[in-house]
Amino acid sequence: MSTAAAPVRSLRAGTVLADLLPTSGSVAASRARDIALVVGGAALTGLAAQLSLPVPGSPVPVSGQTFAALLVGTALGARRGFLALALYAVAGMAGVPWFAQASSGYGMPSFGYVLGMLLASTVVGALARRGADRSVLRTAGAMVLGSAIIYAVGVPYLALATGMTLGQAVAAGLTPFLIGDALKAALAMGVLPTAWKLLDRKG
């Protein structure tokens, strides 16, 4: 490693991708950046949720919102990721139609997945500050853990909301999505470590 590269890597230790966005350095500018990132993260999740397909026999569609939520948490960090997904959840509960399939409210059986995404984005954001998005294997581990958290909340909620047994909820709300989750994890494994490598080269 060259001596010129060492300070750049040191500065990036403990940071997430969003921390590298430039500001004027003032407190007001930093806060404005954070607000923009939170609103943008919520909007990205809402847009990704509209990329959805119904699953036969399941009230839970396949959508891009889970991938977006994990990506937002990883890129923004725990605090901003939590706030972005909290904004997404609260606005959707208040009537903004940006849950999957342009739905809103909290009475739908799939609302537990939204709550799970809120928790998962916080966890993967905390892991990203510890370098979980810097390598392919660590990114894979973070994505798997984040997905597991979403299902740990979403599947029991689905069972309670519909009267399904836990086994039926697993069959309807977890099993059909495993292949898609693997593809999303593979995408993240390519995108996030590559972004860091490019930034290190520019640094």
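In this predicted model, helix α6 passes helix α7 in a right-handed crossing, a crossing being right-handed if the near helix is turned clockwise from the far one by less than a right angle, and left-handed if anticlockwise. The model is a prediction in which local features need pLDDT of at least 70 and side-chain atom pairs count only at pLDDT 80 or more, whereas totals for chains, interfaces and linings use all residues. Residues are numbered from 1 along each chain as its sequence is written, and side-chain values use heavy atoms, with hydrogens and water left out.

**Overall architecture**

- The chain has 8 helices and 2 strands; helices (H or I, at least four residues) and strands (E, at least two) are DSSP runs, numbered from the N terminus.
- Along the sequence, these elements follow the pattern α-α-β-β-α-α-α-α-α-α.
- The radius of gyration is 18 Å, close to the 17 Å that the globule rule gives for 203 residues, so the chain is as compact as a globular protein of that length. The radius is taken over C-alpha atoms, and the rule is 2.2 Å times the number of residues to the power 0.38.
- Taken along the principal axes, the C-alpha atoms fill a box of roughly 60 × 35 × 20 Å.
- Of the 203 residues, 45% count as buried (under 20% relative accessible area, with exposed meaning over 50% and partly exposed in between, for a 1.4 Å probe and protein chains only).
- Among contacts (heavy atoms within 4.5 Å) between residues at least 6 apart in sequence, 68% join residues at least 24 apart.

**Helices α6 and α7**

- Helix α6 (residues 136-162) and helix α7 (residues 166-173) pack at about 120 degrees, with their axes 8 Å apart. Axes are lines fitted to C-alpha atoms, for helices over the stretch in contact, and angles run from 0 to 180 degrees between N-to-C directions.
- The two helices are therefore oblique to each other; angles under 35 degrees count as roughly parallel, over 145 as roughly antiparallel, 65 to 115 as roughly perpendicular and the rest as oblique.
- Tyr-151, Val-155, Leu-158 and Ala-159 of α6 meet Leu-166, Ala-169, Val-170 and Gly-173 of α7.
- By class, this contact has 7 nonpolar, 1 polar and no charged residues. Ala, Val, Leu, Ile, Met, Phe, Trp, Tyr, Cys and Pro count as nonpolar, Asp, Glu, Lys and Arg as charged, and the others, Gly among them, as polar.

**Helices α3 and α5**

- The axes of helix α3 (residues 65-76) and helix α5 (residues 111-128) come within 7 Å and cross at roughly 35 degrees.
- The crossing of α3 and α5 is right-handed.
- From α3, the contact includes Ala-69, Leu-70 and Gly-73, and from α5 it includes Met-117, Ser-121 and Val-124.
- By class, the contact of α3 with α5 has 6 nonpolar, 6 polar and no charged residues.

**Helices α4 and α5**

- The axes of α4 and α5 lie 7 Å apart at an angle of about 165 degrees, which makes α4 roughly antiparallel to α5.
- The crossing of α4 and α5 is right-handed.
- Among the residues that meet here are Gly-81, Phe-82 and Leu-85 in α4 and Leu-118, Ser-121 and Thr-122 in α5.
- By class, the contact of α4 with α5 has 12 nonpolar, 4 polar and no charged residues.

**Gly-81**

- Gly-81 is in helix α4 (residues 78-94) and, at 0% relative accessibility, counts as buried.
- Leaving aside neighbours within four places in sequence, Gly-81 is in contact with Val-72, Gly-73, Leu-76 and Ser-121.
- The C-alpha atoms of Gly-81 and Thr-122 are separated by 5.8 Å, although the two are 41 residues apart along the chain.
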